[in-house]
Every structure is written in structure tokens, then in C-alpha cells.
Amino acid sequence: MEKILFVASEAVPFIKTGGLADVVGSLPKCFDKEYFDVRILIPKYLCIKEEWSNQMTYVDHFYMDYLGKSRYVGILQYVYEGITCYFIDNEEYFTGAKPYGDWYKDLEKFCFFSRAALSALPVIGFQPDVVHCHDWQSALIPVLLKDRFHDGEFFRNMKSVITIHNLKFQGVWDVKTIQKFTCLPDYYFTPDKLEAYKDGNLLKGGIVFADAITTVSDTYAEEIKMPFYGEGLDGLMRARADSLRGIVNGIDYEEFDPETDTYIEQAYNSKNFRKEKIRNKRALQKELGLNQDEKKFMIGIVSRLTDQKGLDLIQFVIDELCQDDIQLVVLGTGEERYENMFRHYAWKYPDKVSANIYYSEAMSHKIYASCDAFLMPSLFEPCGLSQLMSLRYGTVPIVRETGGLKDTVEPYNEFENKGTGFSFSNYNAHEMLSSVRYAEGIYYDKKREWNKIIDRAMAKDYSWKTSAMKYQELYDWLIGC
Ligand code: ADP
Ligand code: GLC
């Protein structure tokens, strides 16, 4: 039995701010249980809802010296859908209404977390063959495994994988601060290790010291070797190209299933969507106070409202778009300027634009199920899960050809009867608008063609099946090394 431990800052259903949580929470369920014992370890944030924290059971606790103090490290456990999840408890670090917020504090918090996570393993009595780390928050672990933890028998043969979900966030501060938080000697703070552009950089440490590096799509794995997407680490990505591979994300096909989804008005499937899907649109129009016209071309957006998601392109042409016969339903939170932008256009075009500036799992499912198209014009997108959810619900994605969007949405080709969505290549607002209008045209004038696009979209399989096998192969290979 191969033992694998996922260490991350979030995982569904316990805590989620973005796609990272979906991946960490859903992928472990998809490994071959006969050969793989995959467990998850995340912080026990105070903001985890009681419905989950009440079910956690106490395992053990110990004290760990960190930054001149002896600190409490509690370990809790909860077996959820057959997967053992551990939670590291420390109320000083894991307080607050959100898991992150203040960069400086977050750096200390996750350096503590990474160290506590490894220190907890002998206490729990779980000795993973591979520690699978995700993003900068657990990127210190591969470094620690090559440093102070390397001397102990327990850790010596432990391998590490780091998955880059978003290269933009690296955990950076001046060298002095990072050195303090990591408690690492000077040796590590050179440009071939944790130093980057004279600062300390946690993600860089993870990438340099991990035994294998993955990212969440093939295209993103290529893109980050280039300056435009490389976020200053493209040189390192090229240097480590032999250890880097792209494995595209999947989604939880049980959680996201239009046939069994309890959040939506009307269940449907790939056979009856022509008749049934529209009931969801009607219900959503009613709920959001939009014109109740089931023929209207309804475009959805569910997103963190940040620059990454290409929202400035939408801002540039939204007045033009609203002259068309469309409805736009937005669900998201994030940068104030985008929140206010959508609020403004909802005020300006009350029949056409609905701005829902909050976080709601239920509303996100309703949007995936109700809309005709889903717009995701990202500037960069390591993988993207929203377009996969849209495909699953027969809601046609309109995307920019970058990262995982390029790998998962096949552009419509009217001459060859192919394609599951619409796409454009340059980061240009009018290029996006013409893709939206192309889609609109097919929807209004060639409904049979439109429905065939939905047929093909719903026939695609973006469950974890194939990608989980690729991770299994990677673990096998690492353990065999
Ligand atoms: P990212 O991780 O960059 O935010 P992804 O597309 O990988 O982008 O994943 C986003 C996830 O977060 C999806 O599951 C999406 O449905 C969800 N999501 C984003 N914003 C909201 C929101 N306001 N309410 C509910 N779910 C949201
Ligand atoms: C990040 C990326 C997103 C990806 C998600 C899960 O948040 O922005 O593209 O789908 O991680 O891997």
C-alpha cells in the first residue's frame, strides 16, 4: 500500500476560497483504494463551519518550539467520504473570519503550519511515502524534508511533490523575514535556492527542492516556462523542466451532476436537457428579478473578481454587449473595483445584468445549470474548474485560449461539426466580444447546432478518472526511485 499525504491550506467541504479547495478535497477520493492510502492535512481554522468542526475528533497534541516560544499543536481527525482528514489546531495562528488576508501574518502562519504538519506525523503514526504539497502555503515542506527533517529515520526516504495551482502567489518577503519564519540557515538564501530577486521566496524553495513538480494543465506547464506567464520564475521552470509535468484537473462528478443536484430547480441530463434545462433558467430569472423570458441568451460568470479572470475585458465592452439581446448573471467577490463595476451595470441595465456580490455554493450551481453560456476570458488560467462545471451542466463555455481553458474547451467549428465551446486567442476586449456574438448568433439562429454543441459538451469526461491515474503513475515512479 502506498501512503500519500496531501498538505494544503484548503479543502472542500471544510474550507474553500477557490479551485484549490475543490482539487484537494475531491482528488484523494479518486485513487485506487486497494493500492493507495491517501490522506489530507489542513489547518483547523476557527472559521470552519461548526457542522464540520463539531464532527472532528481529538487525536493528540504536542508543543513545538517556534520563533522563541513553545507552541501548541493540536491534531484532530475526521474521516469524510472514506478519506482520513487531519487538522492542525493552533488558535493563535488559525483565527479570523477567513483563512488568509494579511500577507505578513500569512507567511508566518504557513511556515508554522508546514513545520507543524511534518512534526505531527510521528505523533499520528502515519508515515507517508509521498508528501504532496500544494501552492506556496505548503512549499516549505520539500525544503524541510531535505534539511532538518532529513536526519530522522522517520523522514529520510519521504518523497515530495509540489503542485503549482497558481504561480502568481509565491509567498515572498525580504530575506531576513523569510529566514526568520523558516528557521533555515544562511545556506538556503542564495539565488539557486530560496532567494529570488533579493527576496525570500517560499514557492521557489518548494520548486527547487521537491522531487517532482506538477501543475494543473499541460498548456500552463508550457506557459510558465515563458516570461509572460512565468511570474519571474520562468528561468527556474526551464531549469526544472525535466521534473515538471502538467496534469489537468478534474471535478467531482457526484457533487456536480445536473441529474442529482439538489441546489437546482429542475434535474436534467444529456438526453433531456432540450426540454428540462430551461426550467432552471426560468426559476433563476424569477429569483434574480430579471426579465422572465426563457428565449433570452443568458451568460453566466462565477468567479473570484480579480485581474487574473479578464474582467477588464468585460468592463471595456459591457455597454456594447448590453445592446444585444442578452442577460448577464454574475456571482463573485474580490477586488472592490470589479465588485462595484458589476453593481453599477446591474443598476444601469436592471433587466439584463444581475450582480450577485457574495459567495454561495447554491447560487453557483444554479448559474451553472441555468445559463446558456459561461464566460471566462482569463488573462491566465492554470486550469480553471468553472468551465469544467459548465461543460458538465451543458452550459457552453466562452473562454480565452490560455492554460487549462485551452486544454479543456474545444472551439466550435461549424464546418466540421466539432467543438464544445467558443474561444479567442488575444487578450483583447473586442476579440472576446466577437466570440460572444458568434455564440449568440448560433444560439438564436441555429438552435439545432447549438444543442449539438451541448451534446458534445455533456459527453466530455472531466471527472478525475484519467488524471488520478497520472498522479498514481507519478507516485509509483517516485517511490520506485
Ligand atoms: P480559481 O481557483 O482561480 O478561483 P477555478 O475555476 O479553478 O478558479 O475555481 C473556482 C471555484 O470557486 C469554482 O468551484 C467556482 O464555482 C467557485 N467560486 C468562485 N466564486 C464563487 C462564489 N462567489 N460563490 C460560489 N462559488 C464560487
Ligand atoms: C488556482 C487556479 C485555477 C485552478 C485552481 C485549482 O486557483 O487559478 O486555474 O483551477 O487553482 O487547481
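First, some housekeeping. This is a predicted model, in which local features need pLDDT of at least 70 and side-chain atom pairs count only at pLDDT 80 or more, whereas totals for chains, interfaces and linings use all residues. Residues are numbered from 1 along each chain as its sequence is written, chains are lettered from A and ligands numbered from 1 in the order in which they are written, and side-chain values use heavy atoms, with hydrogens and water left out.

Back to ligand 1, then. On its own, ligand 1 exposes 570 Å², of which the protein buries 93%, the areas coming from the Shrake-Rupley method with a 1.4 Å probe. The shell holds 22 residues, with G19, R304, K309, Y368 and L385 the closest, where a residue belongs if one of its heavy atoms lies within 4 Å. By class these are 8 nonpolar, 9 polar and 5 charged residues; here Ala, Val, Leu, Ile, Met, Phe, Trp, Tyr, Cys and Pro count as nonpolar, Asp, Glu, Lys and Arg as charged, and the others, Gly among them, as polar. The largest share, 3 residues, comes from β13, the elements being DSSP runs, with helices (H or I) of at least four residues and strands (E) of at least two, numbered from the N terminus.

Ligand 2 has 14 residues around it, and H165, N249, E381, C383 and G384 come nearest. An oxygen atom of ligand 2 is 2.6 Å from an N or O atom in the side chain of H165, and an oxygen atom is also 3.0 Å from a polar backbone atom of C383. Of the 310 Å² of accessible area that ligand 2 has on its own, the protein covers 93%. In this shell it is α1 that gives the largest share, 3 residues, and the residues divide into 6 nonpolar, 6 polar and 2 charged.

Now the aromatic side chains. Rings of Phe, Tyr and Trp (its six-membered ring) pair if their centres lie within 6.5 Å, with planes under 30 degrees apart called stacked, over 60 edge-to-face and the rest tilted; by this rule there are 43 aromatic pairs. For F110 and W136 the ring centres are 5.5 Å apart and the planes stand at 85°, so this pair is edge-to-face. F110 lies in helix α3 and W136 in the loop between β6 and α4, so the pair ties together parts that are 26 residues apart in sequence. Both F110 and W136 are buried, meaning under 20% relative accessible area, against over 50% for exposed and in between for partly exposed. F110 and W136 also belong to one aromatic cluster, whose members include Y45, Y66 and F169.

Some rings have a charge over them, which requires NZ of Lys or CZ of Arg within 6 Å of the ring centre and within 35 degrees of the ring normal. The charged end of K193 sits over the ring of Y187, 4.2 Å from its centre, and R392 lies over the face of Y253 at 3.8 Å.

How values were computed: Buried means under 20% relative accessible area, exposed over 50%, partly exposed in between (1.4 Å probe, protein chains only). A polar contact is a pair of N or O atoms within 3.5 Å; within protein, one must be able to donate a hydrogen and the other to accept it, and residues adjacent in sequence count only if both atoms are side-chain atoms.
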